[in-house]
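Work through the exercises below with the sequence and the 3D structure open. Try each task before reading its solution.

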Amino acid sequence: MIVVKGLCKSFGKQEVLKGIDLTVEKGEVVVLLGPSGSGKTTFLRCLNFLERPDAGEITIGDTHVDCKSVTKNEILQIRRNTAMVFQLYNLFKNKTALENVMEGLVTPRKIPKIEAEEISRKILKKVGLGAKHDAYPSQLSGGQQQRVGIARALALNPEVILFDEPTSALDPELVGEVLAVMKKVAKEGLTMIVVTHEISFARDIASKVIFIDGGVIVEQGTAEEVLFHPKEERTRQFLKRILPASDYSI
Amino acid sequence: MENIFLLSLFIDCFPKLLSRLHITLYIVVIALLFGMLLGTYIAVVRLYKVPVLSQLATAYVSFIRGIPILVLLYIVYIGLPLVIGAFGVNINRWDTMIFVMIAYVVNTAAFLSEIIRSAVAGVDLGQTEAAYSVGMTRLQTFRRIIAPQAIQIGIPALGNTIVSLLKDTSLAYTLGVIDVIGVIKAISSNTYRSLEAYAAAAFIFFILSSILEQCFNIISRKLGIKGTISGQG
Ligand SMILES: Nc1ncnc2c1ncn2[C@@H]1O[C@H](COP(=O)(O)OP(=O)(O)O)[C@@H](O)[C@H]1O
Ligand SMILES: [Mg+2]
């Protein structure tokens, strides 16, 4: 389970997150929606301390931290309970697909190489890349790279995987293969927090949809509630812009 | 005709020049070794934007890179004893070679720091963040992800720097060091001829540079097979 309380983050004078509260149960898939610049990426990056929150509390699994007094060790602990899938994949370019997936097992977690390799091979197969073990990132398409990115996150068996617009850098014809993998792992009961504008994904998979604007949660509820019966005017405005007209009128 | 270029003298020059080659190579090796240490330190200070030190480092690099090595040699040779003398320590009796080494270290460090800095900066931040996100520490990230790629990026520039350094040592003789170039002075005052000696020096430097270049080509290629920066893996 993940509990976030009063998370705040500013860049200089600009307040980007103004007290975010969020609870995510085990196995839930939470989709974060919001206009560009609303703080979605910052929120995800605060959850694994790629960005240092100014205030707030974060509980992930059995690690609880107060952001104001967080220690190096606690940050490492949080990072070892979470995994992230990046918009631009961020694969290790000096490593093959297999090595990319193994790295998080071998180096930080000290899992023996043979065991790590076995786990990694299985997971690459699951994301449909069983034949691409030895390919370097530069030899893979965007969709394949992102699937390696997902495999790298899955291998860690984390409490939660954070996805930051995982398909928005992909050519349209490659989006499907990545979404398919995400749906597959969601159905296996993985806890996920996903920033995406793929409404079909939100509609089909999300247990909860959250609309963020201006650094606060404006509205949250089931996909049905937030996407199709929004209460707040700001949510309606936003959806009008990103939803095809037909979808919205359902 | 035979007075223009004496082949026998040319050949005779080789043993004499080569007998001082160790001085030239000594300058190169010391400059690289300590230049690498100082250069790495400067690069780290700049990469991590350490306050004050990083501004100083930036100024140092651009100043040193902007002045001719000959000028730097004299500044160190004349200036250093004055500066240190002001603190009551007399270093006028130091071996000239020490001043030469200091000048080349100072010079090489500036160039190497720039190579290291841009090589490390050339590994995109996204990979560092990905490494952190899988739970790696800063040191693990550097060792496993950044350094291997930075080395690959920096190797060609390092090769160029070493070749330039080798050629730049040819100015050390101006302070009286008897290296490969310094010995030419002695030969020409004995024989009243210098073309043969310079030709022999050209030959020696050319061969050494070519060997270095070849080595770096091979290293580059070796690293390129495993790495993928070029995109072909
Ligand atoms: N490292 C940073 N330094 C300064 N400002 C930042 C930084 N990261 C994000 N911001 C600012 O914070 C705001 C929220 O950004 P972000 O979280 O990326 O939004 P989103 O992902 O919702 O588009 C933006 O105005 C952005 O310019
Ligand atoms: Mg974003």
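**Exercise 1.** In which strand of chain A is the place of A:Thr59?

Solution. The model is a predicted one, in which local features need pLDDT of at least 70 and side-chain atom pairs count only at pLDDT 80 or more, while totals for chains, interfaces and linings use all residues. Residues are numbered from 1 along each chain as its sequence is written, chains are lettered from A and ligands numbered from 1 in the order in which they are written, and side-chain values use heavy atoms, with hydrogens and water left out.

Step 1. A:Thr59 belongs to strand β4 of chain A, residues 55-60. Helices (H or I, at least four residues) and strands (E, at least two) are DSSP runs, numbered from the N terminus.

Step 2. Leaving aside residues up to four places away in sequence, A:Thr59 touches A:Met1, A:Ile2, A:Val3 and A:His64. Contact means heavy atoms within 4.5 Å.

Step 3. With A:His64, the side chain of A:Thr59 makes a polar contact of 2.8 Å. A polar contact is a pair of N or O atoms within 3.5 Å; within protein, one must be able to donate a hydrogen and the other to accept it, and residues adjacent in sequence count only if both atoms are side-chain atoms.

Step 4. The C-alpha atoms of A:Thr59 and A:Leu47 are 9.3 Å apart, and the two residues are 12 apart in sequence.

**Exercise 2.** Find which residues surround ligand 1.

Solution. Step 1. List the residues near the ligand, that is, those with a heavy atom within 4 Å of it. They are A:Phe11, A:Gln14, A:Val16, A:Pro35, A:Ser36, A:Gly37, A:Ser38, A:Gly39, A:Lys40, A:Thr41 and A:Thr42.

Step 1. Sort them by class: 3 are nonpolar, 7 polar and 1 charged. Here Ala, Val, Leu, Ile, Met, Phe, Trp, Tyr, Cys and Pro count as nonpolar, Asp, Glu, Lys and Arg as charged, and the others, Gly among them, as polar.

Step 2. Look for polar atoms that face oxygen atoms of ligand 1. The side chain of A:Gln14 has one at 2.8 Å, the backbone of A:Ser38 has one at 3.2 Å, and the side chain of A:Thr41 has an N or O atom at 2.6 Å.

Step 3. Consider the area. Ligand 1 taken alone exposes 560 Å², and the protein buries 61% of that. Accessible areas come from the Shrake-Rupley method with a 1.4 Å probe; for residues, only the protein chains shown count as cover.

Step 4. Assign elements to the shell. Those giving two or more residues are β2 (14-24) and α1 (40-47) of chain A, and α1(A) has the largest share, 3 residues.
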